[in-house]
Amino acid sequence: MRATSRGWLVRCPFHDDKTPSAICYRADGGFHCFGCGVHCRDVLDFHQRMTGLSFKAAAQALGAWRAGR
Ligand SMILES: [Zn+2]
């Protein structure tokens, strides 16, 4: 993993990536792969794509969801 001013270069988990061709942005936790073109707005979006969960289920998995009463 290599750090740049914009973020960290990482191997993409969405395709069979041999070299780091994706970037994880410092600013908002977004993710973009230059290899396969996957783009995630933030860590929640990333988790949804990784797991195929709904928005609510992904938020719950990350502890970002508190049910209202
Ligand atoms: Zn990729």
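Helices here are DSSP runs of H or I with at least four residues and strands are E runs of at least two, both numbered from the N terminus. With that in hand, residues 8–63 come out as 29% helix and 21% strand, and the end C-alpha atoms of that span lie 24 Å apart. UniProt, in an unreviewed entry, labels residues 8–63 "domain: Zinc finger CHC2-type"; such annotations may be inferred rather than shown by experiment, the positions follow the numbering used here, and feature names are shortened.

A quick word on the model: it's predicted, with local features needing pLDDT of at least 70 and side-chain atom pairs counting only at pLDDT 80 or more, while totals for chains, interfaces and linings use all residues. Numbering runs from 1 along each chain as its sequence is written, and side-chain values use heavy atoms, leaving out hydrogens and water.

Zooming out, the chain has two helices and five strands, in the order β-β-β-β-β-α-α. Some whole-chain figures:

| Property | Value |
|---|---|
| C-alpha span along principal axes | about 45 × 25 × 15 Å |
| Buried share of the 69 residues | 29% |

Now for one residue up close. Aspartate 45 sits in helix α1, residues 43–51. Is aspartate 45 buried or exposed? It counts as buried because its relative accessibility is 6%, where buried means under 20% relative accessible area, exposed over 50% and partly exposed in between (1.4 Å probe, protein chains only). Setting aside neighbours within four places in sequence, aspartate 45 is in contact with His39 and Cys40, contact meaning heavy atoms within 4.5 Å.
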